[in-house]
Amino acid sequence: MDKIERVERRLKLHDVRVLMSVVQAGGMRKAAAQLGTSQPAISRSISDLEHALGVRLLDRGSRGIEPTPYGRALIKRGIAIFDELREGIRDIEFLADPTAGELRIGCPESVAAGPVLAVIDRLTRRHPRIVFHVLTAAGAPLYRDLMERKVELALSLVTGAEAGADLVVETLFDDHFVVVAGSQSPWAHRRKIELAELANEPWTLLPSDSIASAVAVEAFRARGLEPPRTTLITPSLNLRNRLLATGRFLTVLPRFALLLPGKDPALKALPVDFPNAPRTTAILTLRNRTMSPLAELFIETIRAIVKPMVKRR
């Protein structure tokens with residue numbers, strides 16, 4: 001029997017959970033209260049872990065208890081272990097009853113209101129007991145949620161830099177951004193619009209570090225124009241859509257937001273030449289993480305929903 005096998009026999013999942021709780025709580029007393037046990041029991045679990053591994057897992061510092069490099073390594077793997085256990089339980093529940101289950105998804109608001117909304121609508125009509133948790137985020141926070149296993153899969157615009165050893169990137173479709181107005185806007189009834197005509201209109205855009213805002217600025221500059229005057233900068237899709245519905249504001253959205261089922265009828269793409277390169281929307285998953293049956297059903301459904309849109313494009 002080698003060292004790894006000997007350690008495996010002595011390790012207890014409960015003790016790993018205790019270690020994670022102590023680090024998260026910042027102390028053994030708080031961890032004991034959260035876990036509903038005694039502080040001596042917490043100390044005993046940590047001691048058993050350290051004895052089994054032969055290394056020190058925790059240090060007392062100025063900020064309280066902190067993990068050693070050995071402790072951080074074990075906690076990192078512990079997160080994956082307990083995530084796989086949760087997914088295993090969900091798989092069993094789903095296999096026992098395919099009409100039920102839970103799925104956690106991460107995506108930007110525009111994707112949540114488009115492709116994700118269309119999938120949820122279709123699946124919950126067929127399987128009303130399914131529960132979806134949708135965490136709206138973009139960029140680095142979205143990738144962090146995926147890497148930390150807070151979500152099982154993510155959908156997002158990608159740049160190509162996301163591909164690597166840790167992520168599987170599946171392209172769903174390529175799309176362009178378009179200028180959008182409310183159906184009550186006087187611009188919505190024009191057959192042709194020059195981009196220069198819109199430069200002094202009130203716009204609502206995402207924060208400047210977003211892809212959509214960068215596209216808007218680049219499009220105006222490509223025509224030798226100054227970027228548009230932005231009256232409201234917000235990540236809130238709901239707030240932007242409410243302003244667009246007044247007929248006074250303009251914004252930039254991916255075209256899919258106006259093509260997929262569940263689209264907002266109060267929004268309309270304007271007939272304006274808006275130069276921008278196609279952007280890829282993709283499904284992101286962890287390479288070494290086995291997908292649950294419900295996640296596979298979600299992916300299969302979203303492929304079917306976007307397929308007609310891709311053909312129309």
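Modeller: A residue counts as buried when its relative accessible area is under 20%, as exposed when it is over 50%, and as partly exposed in between, using a 1.4 Å probe and protein chains only. This is a predicted model, in which local features need pLDDT of at least 70 and side-chain atom pairs count only at pLDDT 80 or more, while totals for chains, interfaces and linings use all residues. Residues are numbered from 1 along each chain as its sequence is written, and side-chain values use heavy atoms, with hydrogens and water left out.

Ser 21 belongs to helix 2, residues 13-25, where helices (H or I, at least four residues) and strands (E, at least two) are DSSP runs numbered from the N terminus. Because its relative accessibility is 8%, Ser 21 is classed as buried. Setting aside residues up to four places away in sequence, Ser 21 touches Ala 31 and Leu 35, contact meaning heavy atoms within 4.5 Å.

Helix 4, which covers residues 39-53, has 15 residues and reaches 21 Å from its first C-alpha to its last, close to the 21 Å expected at 1.5 Å a residue (the expected span is 1.5 Å times one less than the number of residues). Its buried residues are Ala 41, Ile 42, Ser 45, Ile 46, Leu 49 and Ala 52. Seen down the axis of helix 4, these buried residues fall within an arc of 140°, so they line one face of the helix; the arc is taken over the directions from the helix axis to the C-beta atoms. On the face turned away from that buried side, helix 4 carries the exposed residues Pro 40, Arg 44 and His 51. Just after helix 4 comes Gly 54, with a positive phi of about 75°.

Elsewhere, five strands form an open sheet in the order 4-3-5-12-6, with mixed pairing; two strands pair if DSSP finds at least two bridges between them. Strand 4 (129-136) and strand 6 (167-175) are the edge strands, each pairing on one side only. Strand 3 (residues 100-107) runs parallel to strand 4 and is joined to it by eight bridges, and Gly 101 has Ile 130 of strand 4 as its bridge partner.

Arg 289 sits in the loop between strand 12 and helix 10 (293-312). Arg 289 is buried, since its relative accessible area is 5%. Leaving aside neighbours within four places in sequence, its contacts include Asp 83, Glu 84 and Glu 87.
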